[in-house]
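Here are a few exercises to work through with the model open beside you. Try each one yourself before reading its solution.

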Amino acid sequence: MIRIVGLSGNVKAPSRTAALTSALLDEARRDLVAETRHISLVEAAPVLFRALRAEQLDDEGLEIIEAIERADALIVSSPVYRASYTGALKHLFDLVDYRALTGVPVILAATGGRALHGLMPDQQLRPLMAFFKALPLPTTVYAVESDFVDFAVANDALRERIAEAGAELRTALTKPAASLRRKLSEPTFARRTA
Ligand SMILES: Cc1cc2nc3c(=O)[nH]c(=O)nc-3n(C[C@H](O)[C@H](O)[C@H](O)COP(=O)(O)O)c2cc1C
């Protein structure tokens, strides 16, 4: 079973970013036999901030981090905060094993107040994924507040962009560059026994 995990860096709810991630998850799993999970930082951050380092994760935090480390594909979305992704999202990635996302296809997405920071996914999230040797896909998705009504996607151009990104992810999952996929079978084993 293919596992697709959506990560939303929002620290409040309701959230446009979470709505965007949900829409991307729906597109990503279209026609696939896939299990999806949506992790929103508004719920996960209070758990993850109990640990300042990976070895301090409790069972609840470890379960979240392991779900990410075991994903076959990721959707990483964040509201733009101070021209970047949220600190809560960075904290999450500071707890992820640096080897665990090698070769994992990733859709990069963001929401912002204005179009000005539309390159945030490419300029901030893409380098973060490059550190992990993940495979961020070519099509990024950026939406502004006016693209949503009642915290739901309400713009046809945005819907098209979401569909494009979802199609890229499905292609990456069904025609994988298998040699690039070198995930650890038990990424947290050493941490558990250390
Ligand atoms: C602390 C803070 C910083 C922000 N910084 C920016 C910014 O630099 N650029 C921008 O376009 N929007 C900025 N915004 C607006 C949010 O990115 C925007 O409202 C976003 O859609 C909120 O997402 P959410 O509904 O998922 O929380 C900021 C909002 C907050 C609360």
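**Exercise 1. Which residues do ring pairs link into a cluster?**

Before you start: this is a predicted model, where local features need pLDDT of at least 70, side-chain atom pairs count only at pLDDT 80 or more, and totals for chains, interfaces and linings use all residues. Residues are numbered from 1 along each chain as its sequence is written, and side-chain values use heavy atoms, with hydrogens and water left out.

Step 1. Find the pairs. Rings of Phe, Tyr and Trp (its six-membered ring) pair if their centres lie within 6.5 Å; planes under 30 degrees apart count as stacked, over 60 as edge-to-face and the rest as tilted. The structure has two such pairs.

Step 2. Take Phe93 with Phe132: their centres are 5.6 Å apart and the planes make 50°, a tilted pair. Phe93 sits in helix 4 (residues 87-94) and Phe132 in the loop between helix 5 (120-131) and strand 5 (135-136), so this pair ties together parts 39 residues apart in sequence. (Helices, H or I with at least four residues, and strands, E with at least two, are DSSP runs numbered from the N terminus.)

Step 3. Now Phe131 with Phe132: 5.0 Å centre to centre and 80° between the planes, which makes this pair edge-to-face.

Step 4. Join them up: the cluster consists of Phe93, Phe131 and Phe132.

**Exercise 2. Describe how helix 2 packs on helix 3.**

Step 1. Start with the geometry. Helix 2 (residues 41-48) and helix 3 (residues 59-69) have axes 9 Å apart, at an angle of about 125°. Axes are lines fitted to C-alpha atoms, for helices over the stretch in contact, and angles run from 0 to 180 degrees between N-to-C directions.

Step 2. Name the arrangement. Angles under 35 degrees count as roughly parallel, over 145 as roughly antiparallel, 65 to 115 as roughly perpendicular and the rest as oblique. Helix 2 and helix 3 are therefore oblique.

Step 3. List the contacts, meaning heavy atoms within 4.5 Å. Ala44, Val47 and Leu48 of helix 2 touch Glu60, Gly61, Ile64 and Ile65 of helix 3.

**Exercise 3. At what angle do helix 2 and helix 4 pack?**

Step 1. The angle is about 55°, and the axes lie 10 Å apart. That makes helix 2 and helix 4 oblique as well.

Step 2. On the helix 2 side, the contact residues are Leu41, Ala45 and Leu48; helix 4 brings Ala88, Leu89, His91 and Leu92.

**Exercise 4. Where does a cis peptide bond turn up, and which residue has a positive phi of about 50°?**

Step 1. The cis bond joins Ala13 and Pro14, with omega about -5°. Pro14 is in the loop between strand 1 (2-8) and helix 1 (16-29).

Step 2. The positive phi of about 50° belongs to Asp150, which isn't a glycine. Asp150 lies in the loop between strand 7 (148-149) and strand 8 (152-153), and is exposed at 72%.

Terms used: Buried < 20%, exposed > 50% of the residue type's maximum accessible area, 1.4 Å probe, protein only.
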